[in-house]
Amino acid sequence: MHSFTLLNTRPAHQATELNDLVVESGGKVISCPTIEVEWRALLVTDVKKVGDFDKLIFTSANAIEGWVRWFNQQNNQSELSGLTCYAIGKATKIKGLELGLNIVTLSDTQFDSEHFLAHPTMHEVKGLAIGLVKGIGGRTLIENTLTERGAVVSQLNVYQRKTIPFCKQAWQCFIASPNPILLITSIESWQNLLKGLSDELNDSVAVIDSVNQVYGFVVMSQRIADEVLKLGCSTAIKVVTTQSNQGIVKTIQQYV
């Protein structure tokens with residue numbers, strides 16, 4: 001395998017396992033998180049609803065971790081038992097199983113909100129109470145769609161994202177490395193990276209030129225790929241098909 005360098009833009013608490021796998025596969029890693037996760041406690045009114053939910057939907061691995069962190073701190077683990085839990089993505093399901101949740105996905109191939117909502121299980125929700133465990137902000141597609149289908153949906157915001165200042169030195173080291181591969185795990189992460197480059201270079205053409213020095217993109221969904229394409233850069237983009245750290249490394253190997 002040829003040498004390569006991965007710019008890992010994941011939050012620091014999610015980066016370690018992937019970094020180790022990349023090094024084991026012969027690559028180098030430069031960490032340049034664009035987002036920091038801040039955990040939030042659930043409101044008392046939200047906690048009182050938990051026992052009444054028919055389903056819980058977790059939108060991300062961060063949602064899983066924030067949920068379990070809070071209930072463990074309150075010694076309320078019993079509230080987690082008996083609930084029907086769903087994960088949008090495979091990585092979210094894996095995280096949930098690791099932390100002891102009875103959780104499933106509704107697809108074996110496509111792990112996004114659109115395919116999740118297309119499953120028959122998510123069409124038979126009229127009159128059901130559904131908890132949507134997520135971070136503050138983000139897409140409203142799931143909540144809006146299930147509400148239109150007759151469900152009573154409650155948002156349970158267990159974390160929030162905070163932008164991290166652009167790591168100029170890490171970026172310069174990255175694009176000067178052999179076969180630099182950029183990992184983007186969310187649209188917000190990509191937007192924050194672009195903002196940092198724009199603030200630093202103060203020229204849209206220079207931003208595109210800088211991004212074009214990247215050998216390849218690895219992204220977690222087609223939605224992210226479509227967002228990257230809007231920039232108009234010529235860098236190749238590969239979408240991870242198995243949403244796990246091993247899946248990311250396998251996708252990188254397609255480049256190098």
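**Reading helix packing and burial in a predicted model**

Analyst: In this predicted model, helices α8 and α9 pack with their axes 9 Å apart and at an angle of about 120°. That angle makes α8 oblique to α9.

User: How are two packed helices described in general, and which handedness does the crossing of α8 and α9 have?

Analyst: Two packed helices are described by the angle between their axes and by the distance between the axes. In the present case, the crossing in which α8 passes α9 is right-handed.

User: Which residues of α8 and α9 meet?

Analyst: From α8, the residues are Trp-190, Leu-194, Leu-197, Ser-198 and Leu-201; they meet Ala-206, Val-207, Ser-210 and Val-211 of α9. By kind, the residues of this contact comprise seven nonpolar, two polar and no charged.

User: Which residues of helix α7 are buried, and where on the helix do they lie?

Analyst: An α-helix has 3.6 residues a turn, so residues three or four places apart point the same way. Helix α7 spans residues 168-175, and its residues Ala-170, Trp-171, Phe-174 and Ile-175 are buried. Viewed down the axis of α7, the buried residues fall within an arc of 120°, so they line one face of the helix.

User: What do the buried residues of α7 pack against?

Analyst: Their partners are the strands β1 (5-8), β2 (28-31) and β9 (180-184), together with the helices α8 (187-201) and α9 (204-211).

User: Is Lys-48 buried or exposed?

Analyst: The cut-off for exposed is over 50%. Lys-48 has a relative accessibility of 65% and so counts as exposed. Its place is in helix α2, residues 44-49. Between Lys-48 and Thr-121 there are 25 Å in space, C-alpha to C-alpha, and the two are 73 residues apart in sequence.

User: Which residues of helix α11 are buried, and what covers them?

Analyst: In α11, residues 245-255, the buried residues are Asn-245, Gly-247, Ile-248, Val-249, Thr-251, Ile-252 and Tyr-255. Their cover includes helix α1 (16-24) and the strands β1, β9, β10 (216-219) and β11 (236-239).

Conventions: Residues are numbered from 1 along each chain as its sequence is written. This is a predicted model: local features need pLDDT of at least 70, side-chain atom pairs count only at pLDDT 80 or more; totals for chains, interfaces and linings use all residues. Side-chain values use heavy atoms; hydrogens and water are left out. Helices (H or I, at least four residues) and strands (E, at least two) are DSSP runs, numbered from the N terminus. Buried means under 20% relative accessible area, exposed over 50%, partly exposed in between (1.4 Å probe, protein chains only). The arc is that of the directions from the helix axis to the C-beta atoms. Contact means heavy atoms within 4.5 Å. Axes are lines fitted to C-alpha atoms, for helices over the stretch in contact, and angles run from 0 to 180 degrees between N-to-C directions. Angles under 35 degrees count as roughly parallel, over 145 as roughly antiparallel, 65 to 115 as roughly perpendicular and the rest as oblique. A crossing is left-handed if the near helix is turned anticlockwise from the far one by less than a right angle, and right-handed if clockwise. Ala, Val, Leu, Ile, Met, Phe, Trp, Tyr, Cys and Pro count as nonpolar, Asp, Glu, Lys and Arg as charged, and the others, Gly among them, as polar.
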